[in-house]
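Biologist: I would like to learn how to read a few features from a set of coordinates. Can we take them one at a time?

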Amino acid sequence: MDVRVRYAPSPTGNQHIGGVRTALINYLFARSQGGTFILRLEDTDRTRYADEYVRNLYDTFAWLGFYWDEGPDVGGPYAPYVQSERFALYQEHAEKLVAMGRAYYCFCGEERLAKLHADAQGEGGDEPSSFGYDRRCRNLDPAEAAARVAAGERAVIRLKIPLEGTTKFHDALLGDIEWRNADVSPDPVLLKSDGFPTYHLANVVDDHLMHITHVMRAQEWISSTPMHILMYEAFGWEPPRFCHLPMVLGQDGSKLSKRHGATSLNEFRKNGYLPEALINYVAHLGCSYEEGREIFSLEELSRLFRIEKLNKASAVFDYAKLEWYNGQYIRMKDDAALAELVLPFLADAGLVGRGEDGMPRPTAEESALVHGAMPLVRERLKFLTDAAPMMRYLFEEPELPAKDEFIPKKLDAARTAELLTLSATLLPGCDLADIHGCEAAFRAAADAAGAKFGDLMMPLRVAVTGSRVSPPLFESIRLIGLKQTLARVERARALLAS
């Protein structure tokens, strides 16, 4: 079998973790089988559609770094399939079902349907599953219905759901599933009166015409699958194989949502995550690969993926684990690559300049500072967003903290000022290319002055960086320069003397 799978998002919102996971699983399965991965925009919901959501979809794929294999265009970059460009196909197939007696025209207007809904709620049926169409038009004479449509009367086309019996299908993950037809949504609309297809019609027609072999989607679509199976049977088509992926939950066991933290890809990008980290973590949500390993390339994930390694149970999204992945991938970057990654965040913080196009455009001096800082901050970064606050002291003089921040335990302001004076006399004689030599000189000076090495270094660190915790100090002084460093020390001495 030539495996063909698809990711079929509706562009009614930005891409989120659930959608990315579905896309990634489909992509990995296709690659593991030497198959084809298709992108299809299911844009039939025009009330919530927006171009910005389509752009976000493309941006998401570009950022993650994997793409679809096929589209309607030939000879250039593939565009995705777009359902709004295929309406004639859906109309044709809906009318085929009417001609075969498997669907019918319905003339019930919105006012009547609203009254049915209101009556159901009045009887305590306030859950969506308790409301359904009463099949009023199901038994209309087909010739009469066709004549009314030909005369211009507005109608929808509804699928005839069997009134008795059950519908069965096999799920690759969950096994055999059987659904009472009485529990299937009663005679759902396939084609709206304006000619727009519903999701169900367009989905089944497209999956058949695109020769989709496996439908891998979230478990929330299980309740729609019996309806889709009935449509395949009505057309006389063989359905694809189904695999309904388990839900992604928050730590509290509820469906992952904004209250648990970032869920959209935009948020993760803005928060300083790397695409490799997100791919690796999302690929592991409810799936195993190779025991004893956690870091994989996209190619390795593609080679190792198997449906049999998916878990039936829902996956819990662990932000701490994703943070660990992110730190691992940050530390795997070389200096040049990491510098390019942090530049946009440094520009957002005003530490480096931007060009007229809005892209980061650091000066030669700023660029040298950024690249020089990468070995100092790499081990400390959990997110790319950490770079700007961690590196700000390199670009601008930090605000003076309170006096107490400078003073080591058991010392006072006067003694601390003396230690700063000692540091200021030592620095000009230090070869900052020899960090070990600088440390040795400061240790010897501390011993001679009857001070602890840490007590000598702490006030200097605060004077130079504005904080007791910072990247390596002598390396930082080398980047800042001796003149600027001594000016900061003098400023701190003045504060302690005040």
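Biologist: Does Thr-213 count as buried or exposed?

Modeller: A word first: this is a predicted model. Buried means under 20% relative accessible area. Thr-213 has 14% relative accessibility, so Thr-213 counts as buried.

Biologist: Where is Thr-213 placed?

Modeller: In a loop. That loop runs between α6 (199–209) and β9 (214–218).

Biologist: Which residues does Thr-213 touch, not counting those up to four places away in sequence?

Modeller: Met-1, Asp-2, Val-3 and Arg-4, and also Pro-240 and Arg-241. There is a polar contact as well: the side chain of Thr-213 meets the side chain of His-214 at 2.8 Å.

Biologist: Now sheets. What holds the strands together?

Modeller: Strands of a sheet pair through backbone hydrogen bonds, either parallel or antiparallel.

Biologist: How many bridges pair β1 with β2?

Modeller: The pairing of β1 with β2 (residues 36–41) is parallel and covers 4 bridges. Tyr-7 stands opposite Leu-39 in β2.

Biologist: Which strand order goes with antiparallel pairing?

Modeller: β4-β5-β8, an open sheet of 3 strands. The edges are β4 (103–106) and β8 (189–191), each pairing on one side only. On average, neighbouring strands of this sheet are turned by 45° against each other, direction ignored. β4 and β5 (residues 156–159) run antiparallel, joined by 4 bridges. Cys-106 has Val-156 in β5 as its bridge partner. Helix α3 (residues 87–99) lies across β4, β5 and β8, running at about 105° to β4.

Biologist: Last, a helix. What does α17 reach from its first C-alpha to its last?

Modeller: α17 (residues 435–448) has 14 residues and reaches 20 Å, close to the 20 Å expected at 1.5 Å a residue.

Biologist: Which residues of α17 are buried?

Modeller: Ile-435, Cys-438, Phe-442, Ala-445 and Ala-446. Seen down the axis of α17, the buried residues fall within an arc of 100°, so they line one face of the helix. They pack against α16 (413–426), α18 (453–465) and α19 (473–480).

Biologist: What is exposed on the other side of α17?

Modeller: His-436, Asp-447 and Ala-448. Just after α17, Gly-450 takes a positive phi of about 70°.

Key: Residues numbered from 1 in each chain as written. Predicted model: local features only at pLDDT ≥ 70, side-chain atom pairs only at ≥ 80, totals over all residues. Heavy atoms only, no water. Helix = DSSP H or I, 4+ residues; strand = E, 2+ residues; numbered from the N terminus. Expected span 1.5 Å × (residues − 1). Buried < 20%, exposed > 50% of the residue type's maximum accessible area, 1.4 Å probe, protein only. Arc of directions from axis to C-beta. Contact = heavy atoms within 4.5 Å. Polar contact = N/O pair within 3.5 Å; in protein donor to acceptor, adjacent residues only side chain to side chain. Pairing = 2+ DSSP bridges. Axes fitted to C-alpha atoms, helices over the stretch in contact; angles between N-to-C directions.
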